[in-house]
Amino acid sequence: MEERLKELKAEALDKVDQAVNLKELNEIRVAYLGKKGPITEVLRGMGKLSAEERPKMGALANEVREIISKRIEAKQSELEEAAVLEKIAAETIDVTLPGRPVKAGNHHPLTKVIEEIEDLFIGMGYEIVEGPEVETDYFNFEALNLPKSHPARDMQDSFYITDEILLRTQTSPVQARTMQKHQGKGPIKIICPGKVYRRDNDDATHSHQFMQIEGLVVGENIRMSDLKGTLDTFAKKLFGEDREIRLRPSFFPFTEPSVEMDISCKICGGTGCSICKGTGWIEILGAGMVHPNVLEMSGYDSKKYTGFAFGMGPERIAMLKYGIDDIRHFYTDDVRFLKQFSKHE
Ligand code: 2NL
């Protein structure tokens, strides 16, 4: 019996020493020290022993148990510590590694041009005002001196929802609404950017949906020279200090007199090229003094108040600024096109 216990002790200690993980160690514990283990088995056979031998064997069995148990405990701490160290090693962060770059997007070229124009006018004391894209016939046309018989109100040219409601064809209704809100009192200095819609067949220079930026100034003693100075400042800030502007007579139902503003061509310096079509001038926007009918319809006394207004297409301006040859690029969301503008941020 003594032999058997010594054998078991040697065998168990050997196995404990060889254990490579906590699971294995626990299996050894159950196998040797458990209720169904070999030591318990040996102790069960003690009944056959003499009275003197029994306590001796009992003590020995307990001693063997104690030794194995101690060795298991020691091994357990050892394995646990190794596991912690291994986990720490696996989680080590090499702070000297270069960082992973964050992928930065960029603004849409149209957004950039619109925000740049807004900022220029904010710098001159204007406020940005927005309004609905679904408009009434009254604000889109009537209030802007386009009577019912006007050709611009043709069903062929606009997206009508009912006889009286349509998708706005310009951002002017936002300005008419603003004037009406002022109830004929006080000055107005606003920029109205937004989406507009016209029934058109899309091609390189036409789109059924596009952006517009309009400006309106109303006050006492607002003159044509104020318009000219404002447009000159705007053109130089947006296209460069070396640009000249030129105003040509034009016609809009909502302004009188009306003008078309051109900027001098930078590509050829005025001698004529394909961009300016040989003229040395590039058309940028339309403008004029607010028609007295428009002021009166929105509640302003046209004898006391005057004003100027202008309207431009940011797509056209972005096309000129970035050399884009097709308006459809703005709306087709081709990332190869859009990514080209990240360098301009
Ligand atoms: C163009 C021309 C223009 C206006 C827009 C306007 C608005 C009010 C009163 C008077 Cl409320 N005028 N807007 C005036 C002249 C020209 O736009 O070619 N746009 C792309």
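Which residue stands opposite Ile213 in E5? Pro193 does. The strand names used here, like the helix names, follow DSSP runs numbered from the N terminus, with helices (H or I) of at least four residues and strands (E) of at least two.

This is a predicted model, in which local features need pLDDT of at least 70 and side-chain atom pairs count only at pLDDT 80 or more, while totals for chains, interfaces and linings use all residues. Residues are numbered from 1 along each chain as its sequence is written, and side-chain values use heavy atoms, with hydrogens and water left out.

## Strand E5 and its partners

Strand E4 covers residues 188-197 and is joined to E5 by ten bridges, the two strands running antiparallel. Two strands are taken to pair if DSSP finds at least two bridges between them. E5 also runs antiparallel to E9, with seven bridges between them. Across that pairing, Gly215 stands opposite Phe310 in E9.

E5 is largely enclosed by the rest of the structure, because ten of its eleven residues are buried. Buried means under 20% relative accessible area, exposed means over 50%, and partly exposed lies in between (1.4 Å probe, protein chains only).

## The ligand and its shell

The shell around the ligand has 15 residues, of which Glu214, Phe254, Gly286, Ala309 and Gly311 come nearest. A residue counts as near a molecule or strand if one of its heavy atoms lies within 4 Å of it. Eight residues of the shell are nonpolar, six are polar and one is charged. In this division Ala, Val, Leu, Ile, Met, Phe, Trp, Tyr, Cys and Pro count as nonpolar, Asp, Glu, Lys and Arg as charged, and the others, Gly among them, as polar.

| Residue | Part of the residue | Distance |
|---|---|---|
| Glu214 | polar side-chain atom | 2.6 Å |
| Gln212 | N or O atom in the side chain | 3.5 Å |
| Gly311 | backbone N or O atom | 3.2 Å |

The ligand taken alone exposes 490 Å², and the protein buries 88% of that. Accessible areas come from the Shrake-Rupley method with a 1.4 Å probe, and for residues only the protein chains shown count as cover. Two or more residues of the shell come from each of helix H7 (172-181), strand E5 (209-219), strand E8 (281-290) and strand E9 (306-312). E9 gives the most, with four residues.

## Charged residues elsewhere

Lys236 is placed in helix H8, residues 224-239. Lys236 has a relative accessible area of 18% and is therefore buried. Its side chain makes a polar contact of 2.9 Å with the side chain of Asp232. A polar atom of the Lys236 side chain also lies 3.1 Å from the backbone oxygen of Arg243. Apart from neighbours within four places in sequence, Lys236 is in contact (heavy atoms within 4.5 Å) with Glu241 and Arg243.

Asp326 lies in the loop between helix H10 (314-322) and helix H11 (335-338). Asp326 is also buried, because its relative accessibility is 15%. The side chains of Asp326 and Arg328 form a polar contact of 2.8 Å. Neighbours within four places aside, Asp326 is in contact with Asp203, Ala204 and Met319.

Glu142 sits in the loop between helix H6 (137-140) and strand E3 (165-167). Its relative accessibility is 27%, so Glu142 counts as partly exposed. Not counting residues up to four places away in sequence, Glu142 touches Asp137, Lys148, Arg153 and Met297. Glu142 and Met297 are 155 residues apart along the chain, and their C-alpha atoms are separated by 8.8 Å.

## Backbone exceptions

Most residues other than glycine have a negative phi, and most peptide bonds are trans. Asn145 is not a glycine, yet has a positive phi of about 70°. Asn145 belongs to the loop between H6 and E3, and is buried at a relative accessible area of 18%. Gln183, also not a glycine, has a positive phi of about 50°. Gln183 lies in the loop between H7 and E4, and is exposed, with a relative accessible area of 60%.

The peptide bond from Glu256 to Pro257 is cis, with omega near -5°. Pro257 is in strand E7, residues 255-264.

How values were computed: A polar contact is a pair of N or O atoms within 3.5 Å; within protein, one must be able to donate a hydrogen and the other to accept it, and residues adjacent in sequence count only if both atoms are side-chain atoms.
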